[in-house]
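Okay, thanks for coming, everyone. Let me put the structure up and we'll walk through a few bits of it.

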Amino acid sequence: MRPRLSAMLVATATSAAGVDGVEPIQLTVPPEASAAERHAADELERILPRMFRRPVTREEDAAAAVRIELRYDPSLGAEEYRLLRECRSPVIRIHGGRPRCVSYGVYGLLGDCLGCRWFIPDVERVPAKKLDDLPAAMNESHRPASEYREVYWREALNADWAARNRLNSNGAPLGERHGGKIIYGEFVHTFDRILPAAKHFDEHPGWFSMVGGRRLKEHTQLCLTHPEVLARTIAAVREWIRRRPDATIFSVSQNDRHNPCQCAACAAVDAAKGSHAGSLIAFVNRVAEAIEPDHPHVSIDTLAYQYIRRPPRRLRPSPNVIVRAPSSAALRIRSTAAPKRATAP
Ligand SMILES: [Zn+2]
């Protein structure tokens, strides 16, 4: 044990005193910090010596040029952080909500204030800076316009890269040290998972699309005005939620093909609303309204895709409905009718 302890003390002393007498940057992390908050401090410890050519210390009584305090602030939402510095104070405070926003504050300071960039997982830019380049005063609150942020290309599925770019994406394997992520319990094109035609069509053809006067078993969708389809969809979503209590979004959305139902009831709704989105949004709203009392943290997602791109007339998605509009820009639209849980200002 002794040789290891000696080596540790030597290393610590070097870190605290600085290199060639240069005062270190001190990091302060409370002992009750989460794994994500400790990882955020590790990221500062990795980058700041390269940026400022100064050592970093976590010794409480070290003489330091600047002290950076990381702290969870329970008054902040899950995606919010604050950067605080009184004018020319040696103390910079990074406060964030849980589970992940202390680290977003760290990346905000490094990226927005100091010019770090994370282009791809293996390529980052850490510019050389002086302490005077730090903002002389800060009183900034940051809350993203979209509570769920994801880009979908291979490099973006790297967890470290996603976290550094403040993406809470479902697709990246963001773990505890990243503060987790937004989780889809079921992800898009789910009609056939709710009611598989191969299993149910022969006994219940009326649950599926009528096209050209006949119900389709192949390449079909659901008949969205059939009351049994609605009841079974609500039951299916309840079961999904039971299986994935960590997920907050569940998709109730068309199969990846055309053939919306054209039965008299569906056609009447779609004609009145000027779009096949009429029967879809009316259906999804009823699912969402049934789920909301027991699961107020859950949103029901659906697609504005293929034959459902045109918004319906005089019909808004419920506040707990997300309309996902796939495009080359991965555009995502959420109801703004009554933003009960929306985080956008
Ligand atoms: Zn129908």
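So, to start: is serine 103 buried or exposed? Bear in mind that we're looking at a predicted model here. The answer is that serine 103 is buried, because it has 29 other C-beta atoms within 10 Å, and the cut-off for buried is 20 or more.

Where does it sit? Serine 103 is in helix α3, which runs over residues 101-113. If you skip the neighbours within four places in sequence, serine 103 touches Ala36, His39, Ala40, Ala163 and Gly179.

Over at the β2 end, β1, residues 25-28, pairs with β2 in the parallel sense, over 2 bridges. If you want a spot to look at, glutamine 26 is opposite threonine 57 in β2.

Last thing, confidence. The average pLDDT for the protein is 90, and 89% of the residues score at least 70. Residues 1-19, though, have pLDDT below 50, and that stretch has 12 contacts in the model beyond near neighbours in sequence. Residues 328-345 are also below 50, with 34 contacts counted that way.

That's it from me.

Key:
Residues numbered from 1 in each chain as written. Predicted model: local features only at pLDDT ≥ 70, side-chain atom pairs only at ≥ 80, totals over all residues. Helix = DSSP H or I, 4+ residues; strand = E, 2+ residues; numbered from the N terminus. Buried ≥ 20, exposed ≤ 12 C-beta atoms within 10 Å, placed from the backbone. Contact = placed C-beta atoms within 7 Å. pLDDT = per-residue confidence, 0-100. Pairing = 2+ DSSP bridges.
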